[in-house]
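Trainee: I would like to learn how to read a protein model. Can we go through one together?
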Amino acid sequence: IGTVCGYDLKPRQMSDFQKDALRQITSTVMRLIHLRKVDLDQKKYKGIFNLSQDLLCILSKDGYLKEFNPAIWQLLDTTREELLVREFSNWIHPDDIDIYQKLIQHSEEAEILTRLNFRLKKSTGDYVTIQWSCYFDAQLSIIVVSGLDITESLSHQSELEAAVIRANDAVEMKDQFLSDMSHEIRTPLASIVGFNELLSTSQLS
C-alpha cells in the first residue's frame, strides 16, 4: 500500500465533498490493511495446517470434507480430489458408523467432543483406528476435526495384554506342577521315613 501526499502553500478549508472523499479513501486503506493482515495470518496457519502430522479437517454438517491437510490423503493412500467428492462416511468402517453419526448429531448440542474412536479404510482395504477430537462452530455451520492414528499403540496394547495372559497361565501351570510334585514326592518320602524309623528301633537278627 502506497501513500499520496498533497499540500498547498495557502491554508484552505476542506469542502464536504473533499471530506467525504477522504473518509472513503481512509476506509478503503484500512480495509486493505485488514485484508492483508488476514491473508498473512491465513498463510501462517495454512503452513502449520499442512505440516501437521495429525489429521486435520473441516467437515460440513452434510458429511463432506471442505478442507483437510495432506496427512489425511497420505494416510489413506488416496487423492485430495477423491476425498472431496465422496461423503466422508464412505471411508468409515461399517461397524463404526454409529460413532460417526454421534459426531454429526452432537454438532447441534455440544461445542466439543473428544476421544471418539472410529476406523478409516485405506485404498488397500486395510483399516486404521483414529482417535478424534471435534469442535463445532455453529455460526459457520462446520465441524473442525483433529485425528490421531492410534493403530500401532492399540496393537502394542493388545500384544501386552496377550503377554500378560500368557504369563498368568505360566504361573498357574507352575503352581499346579509344584503342587502335583509336592504330593508325588511327599508320599514316597513318608514311606522312606517310616521305614527308616522302623529299622532304627528294631533288633536286627
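Trainee: Is Trp-73 buried, partly exposed or exposed?

Mentor: Start with the cut-offs: buried means under 20% relative accessible area, exposed over 50%, and partly exposed in between, with a 1.4 Å probe and protein chains only. Trp-73 has 23% relative accessibility, so Trp-73 counts as partly exposed. Phe-68, at 1%, counts as buried. Of the 205 residues of the protein, 22% count as buried.

Trainee: What should I know about the model itself?

Mentor: This is a predicted model, where local features need pLDDT of at least 70, side-chain atom pairs count only at pLDDT 80 or more, and totals for chains, interfaces and linings use all residues. Residues are numbered from 1 along each chain as its sequence is written, and side-chain values use heavy atoms, with hydrogens and water left out.

Trainee: How many helices and strands are there?

Mentor: Helices (H or I, at least four residues) and strands (E, at least two) are DSSP runs, numbered from the N terminus. Here we have five helices and five strands. Their sequence from the N terminus is α-β-β-α-α-α-β-β-β-α.

Trainee: In which order do the strands lie in the sheet?

Mentor: Strands of a sheet pair through backbone hydrogen bonds, either parallel or antiparallel. Two strands count as paired if DSSP finds at least two bridges between them. In this open sheet the order is β2-β1-β5-β4-β3, and the pairing is antiparallel. Strands β2 (65-68) and β3 (112-121) are at the edges with a single partner strand each, so one side of each has no neighbour in the sheet. Strand β1 (residues 55-60) pairs with β2 over three bridges. There, Leu-59 stands opposite Leu-65.

Trainee: What joins the side chains of Glu-67 and Arg-80?

Mentor: A polar contact is a pair of N or O atoms within 3.5 Å; within protein, one must be able to donate a hydrogen and the other to accept it, and residues adjacent in sequence count only if both atoms are side-chain atoms. Between Glu-67 and Arg-80 this contact is 3.3 Å. Glu-67 lies in strand β2.

Trainee: How are the rings of Phe-68 and Trp-73 arranged?

Mentor: A pair of aromatic rings is described by the distance of the centres and the angle of the planes. Rings of Phe, Tyr and Trp (its six-membered ring) pair if their centres lie within 6.5 Å; planes under 30 degrees apart are stacked, over 60 edge-to-face, and the rest tilted. By this rule there are five aromatic pairs. For Phe-68 and Trp-73, the centres are 6.0 Å apart and the planes at 80 degrees, so the pair is edge-to-face. Phe-118 and Trp-132 are stacked, at 5.2 Å and 20 degrees.
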